[in-house]
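Please have a look at it first.

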Amino acid sequence: VQLQASGGGLVQAGGSLRLSCAASDRAFSRYVMGWFRQAPGKEREFVAAINRRGGGYYADFVKGRFTISRDNAENTVYLQINSLKPEDTAVYYCAADQDVSDFYGHAIDYWGKGTKVTVSS
């Protein structure tokens with residue numbers, strides 16, 4: 001599966017962004033999809049995942065600001081980020097796997113190239 005993330009950019013604190021990740025595999029609907037992020041000087045961390053039926057899983061720090069969704073007809077997963085904070089600055093990576101538990105262990109089958117989000121204060 002090839003994953004192409006987009007939608008990152010420079011935004012002021014308090015603003016919003018919607019990240020997109022398009023997958024090449026026609027079997028997209030069979031995968032659990034998700035997002036990770038890696039801030040400068042920090043390890044990559046889990047952000048959110050969405051299962052085949054649309055159920056979402058979120059990291060604790062999300063606190064209602066992030067929403068993950070998917071469009072199986074378009075082979076695309078989205079991450080809506082609201083009320084952006086400077087600490088959200090990171091490269092955001094799209095991921096695909098058969099098992100949602102792998103997202104917590106970072107044992108992901110497929111990674112996309114990241115899209116950079118920079119939040120100015």
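Predicted model: local features only at pLDDT ≥ 70, side-chain atom pairs only at ≥ 80, totals over all residues.

Residues are numbered from 1 along each chain as its sequence is written, and side-chain values use heavy atoms, with hydrogens and water left out.

In β9, 7 of the 8 residues are buried, so the strand is largely enclosed by the rest of the structure; buried here means under 20% relative accessible area, with exposed over 50% and partly exposed in between, using a 1.4 Å probe and protein chains only.

Which strands does β9 pair with, if we ask DSSP for at least two bridges between two strands? Strand β4, residues 32-38, runs antiparallel to β9 and is joined to it by 7 bridges, with glycine 34 having alanine 95 as its bridge partner in β9. Strand β11, residues 115-120, is also antiparallel to β9, with 3 bridges, and there valine 91 is partnered by lysine 116. Strand β10, residues 110-111, is joined to β9 by 2 bridges, again antiparallel, and alanine 96 has tyrosine 110 as its partner.

Now to the rings, which pair if the centres of Phe, Tyr or Trp rings (for Trp, the six-membered one) lie within 6.5 Å, with planes under 30 degrees apart counted as stacked, over 60 as edge-to-face and the rest as tilted. The whole structure holds 7 aromatic pairs. One of them is phenylalanine 36 with phenylalanine 46, edge-to-face at 5.8 Å centre to centre and 70° between the planes, and this pair links strand β4 to strand β5 (residues 45-50), 10 residues apart. Phenylalanine 36 counts as buried at 0% relative accessibility, and phenylalanine 46 is buried at 8%. Phenylalanine 46 also pairs with phenylalanine 103: the centres are 6.4 Å apart and the planes at 65°, so this pair is edge-to-face. Because phenylalanine 46 lies in β5 and phenylalanine 103 in helix α1 (residues 101-105), the pair ties together parts 57 residues apart in sequence.

Finally, ring pairs link Phe36, Phe46, Phe103, Tyr104 and Trp111 into a cluster.

Technical notes: Helix = DSSP H or I, 4+ residues; strand = E, 2+ residues; numbered from the N terminus. Pairing = 2+ DSSP bridges.
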